[in-house]
Amino acid sequence: MILRREWSWTIDAPRGRVWPYLADTNAINRLAGLPPVAYAYAPQPDGSIRAKASLRYGPLRVSWNEPPFAWSAPEFHDVERRYENGPLRRFRTRTALTAVGDRTEVCVSIELEPRSRLYAPLLPAIAERGRRGMERAIRSVRAKLGPEAGGTAPSVVPQRFAPLLAQGFERDELAKIAHFLTTAHDSDVARIRPFALADRLGLARRTTLRLCLAATRLGLLDLSWSVLCSSCGGSKARLDTLGQLGETHCDACNIRFDPVFDRSVEVTFDARPLGRTAEVPTFCFAGPGASAHVLAQASVAANGGATIEADLDPGHYLARAMGDASVSFAAETFGDDAPLALHLREAGLDGVPGETRSGRRSISIANHLTRPAVLRVESSVWPDTIATAAQVTAMQEFRDLFASDVLAPGKEMAIRSLAILFTDVVGSTEMYRTNGDAPAFRTVSDHFDAIRGVIAPRGGAIVKTIGDAVMAVFDDPASCVDAALRLNGAVAHLRCGATPLLLRVGLHVGPCVVMRANDRLDYFGTTVNLAARLEATASAGEIAMSESDAERPGIAEAIATLAEIPVRTRVVLKGIAQAVSIVCLKALES
């Protein structure tokens with residue numbers, strides 16, 4: 001006997017907004033009133049990993065081997081569990097989301113198979129309990145997505161948070177965050193992602209991150225660094241300082257990996273100082289919400305086949321057979337429209353072209369191995385709700401408040417892309433000679449303050465000063481260029497003698513290495529060297545950058561709005577074998 005039930009609900013929000021909530025099976029199971037689950041991991045001879053799960057219903061302990069979920073975002077996810085004991089032999093659930101205009105129809109179907117006829121009379125009660133639990137979860141999702149979500153917090157700022165008002169934070173945004181921190185469920189404040197919190201409360205992301213940093217310094221929050229698995233994306237380590245970063249092991253994937261500063265190391269906060277707990281139980285670890293960068297996943301039997309579908313926006317992707325092989329490919333608007341047929345062999349994966357058409361694509365999978373496999377399609381871009389270590393450490397607020405949080409001596413970490421900016425005062429040697437050391441030094445110190453006043457509000461940070469030169473970093477290249485254009489205007493009021501201060505500025509965007517130097521985080525590599533060389537080519541009141549950077553999205557749009565026509569030329573830079581095409585911009589006057 002198999003009992004089947006199907007229920008549906010409508011949520012007044014587009015499917016793309018609903019999916020992240022229903023994909024978070026850990027939160028859904030908690031909201032549904034299911035008991036916590038304990039997991040143990042056992043490596044298998046073929047290199048895979050087996051997850052043994054168990055939970056307790058009163059005096060009864062139920063256990064099973066947790067299978068991989070199947071899903072295609074934002075369309076459906078499902079899982080089938082076969083129990084080793086308890087009243088059920090098998091349980092399957094599928095959650096499907098259908099777009100109906102700007103609304104989403106959610107259909108949840110279940111199958112219950114009893115262990116024996118003795119347990120068959122219990123199935124309707126088990127199903128009804130599941131329906132009531134899912135009803136509670138849907139109500140919670142509706143509340144979070146509804147028009148009043150995030151907007152009902154009182155305007156009163158608790159006394160403990162009041163000092164943050166003096167730091168320039170707005171009363172309404174501070175009241176919203178204080179209300180959330182003191183009233184949300186423990187699981188919501190045990191690992192706070194500041195960008196996700198901002199989206200939830202309808203606040204600006206950078207403002208929320210800045211507020212969390214300031215609240216940590218005030219003793220209202222605790223800051224941690226989470227290391228995310230390079231494969232599944234799950235949080236595998238929680239560290240108090242950057243100095244503890246090192247090789248990490250993922251039990252669920254059975255791999256060891258080195259964290260990547262701008263991908264797999266993120267800043268998180270918790271509300272332990274407010275009396276909340278950071279130790280919350282797990283209700284499900286394997287759902288799609290735990291691997292938000294995975295667009296689709298399916299299990300394929302030994303010598304079997306399957307088909308998965310994925311929405312491929314233009315960009316780069318990875319087809320991965322967990323524990324076996326992977327292959328990268330690109331999706332383009334006018335890419336190859338040929339069918340996608342993936343073959344998994346002992347030698348690896350083949351069948352996916354280097355470039356394919358973007359859009360909704362169907363991918364057939366043939367597993368030629370004598371063991372089952374889990375196939376997935378991953379985006380190379382992880383969810384933008386992750387505030388990475390590279391982003392956070394490139395903020396002036398972090399460097400001011402947490403200057404001692406640095407990497408261990410000798411530890412180097414790669415950053416795939418960062419904007420590096422250098423400035424230098426034109427004619428500073430003559431300024432010191434003509435006006436004397438003390439007046440010139442005061443002017444240079446004032447100019448550092450003026451530069452900081454431009455860089456910090458645009459999300460950048462001053463790394464160091466070298467004489468009268470400044471090195472700064474930005475996570476966002478467009479913000480870097482915006483700051484660069486305004487630096488001369490910011491120091492134009494400064495004079496040492498009769499001559500106003502003028503700067504030359506150079507910047508470059510690219511990969512670099514971050515490490516500890518002189519007890520602070522510093523950046524090294526070709527990108528840094530090239531930015532310094534470009535600064536030396538600029539004339540007074542100019543910003544120099546490579547032509548390739550000038551053509552980047554965001555930067556190109558900013559340049560197009562300038563009244564002055566950029567000057568393009570080729571120069572030979574010290575230490576660079578070939579001449580470099582550069583673009584020089586005239587600084588804005590204010």
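**Helix H12**

The model is a predicted one, in which local features need pLDDT of at least 70 and side-chain atom pairs count only at pLDDT 80 or more, while totals for chains, interfaces and linings use all residues. I number residues from 1 along each chain as its sequence is written, and side-chain values use heavy atoms, with hydrogens and water left out.

Among the buried residues of H12 I noted Pro477, Cys480, Leu485, Asn488 and Val491. The helix covers residues 477–491 and reaches 22 Å from its first C-alpha to its last, close to the 21 Å expected at 1.5 Å a residue; that expected span is 1.5 Å times one less than the number of residues. Helices (H or I, at least four residues) and strands (E, at least two) are DSSP runs numbered from the N terminus. I also found a kink of about 30° in H12, centred on Leu485, the bend at a residue being the angle between axes fitted to the seven residues ending there and the seven starting there.

**Arg458 and Asp482**

I then checked the charged side chains and found that Arg458 and Asp482 meet in a salt bridge at 2.7 Å, N to O, a salt bridge being a side-chain nitrogen of Lys or Arg within 4 Å of a carboxyl oxygen of Asp or Glu. Arg458 lies in the loop between H11 and E24 and Asp482 in helix H12, so the pair ties together parts that are 24 residues apart in sequence. Arg458 is partly exposed, with a relative accessible area of 26%, and Asp482 at 26% also counts as partly exposed.

**Helix H11 and Asp468**

For helix H11 (residues 437–455) I compared the span of 27 Å that its 19 residues should have with the distance between its end C-alpha atoms, which is 27 Å and agrees. Its buried residues include Val444, His447 and Phe448, and these three are also among the residues that Asp468 touches, together with Asp424, Val425 and Ser428, when residues up to four places away in sequence are not counted; contact here means heavy atoms within 4.5 Å.

What is the nearest side chain of opposite charge to Asp468? It is Arg504, 7.7 Å away, and Asp468 is buried yet has no salt bridge; Lys and Arg count as positive and Asp and Glu as negative, while His and the chain ends are not counted. Asp468 sits in the loop between strands E24 (461–466) and E25 (469–474), and I noted a polar contact of 2.4 Å between its side chain and that of Ser428, a polar contact being a pair of N or O atoms within 3.5 Å, of which, within protein, one must be able to donate a hydrogen and the other to accept it, with residues adjacent in sequence counting only if both atoms are side-chain atoms.

**Backbone entries**

I found a cis peptide bond joining Ala73 and Pro74, with omega about 0°, and placed Pro74 in the loop between strands E5 (70–72) and E6 (76–82). Phi of Asn303 is near 55°, a positive value in a residue other than glycine, and Asn303 counts as exposed at 55% relative accessibility.

Note on methods: Buried < 20%, exposed > 50% of the residue type's maximum accessible area, 1.4 Å probe, protein only.
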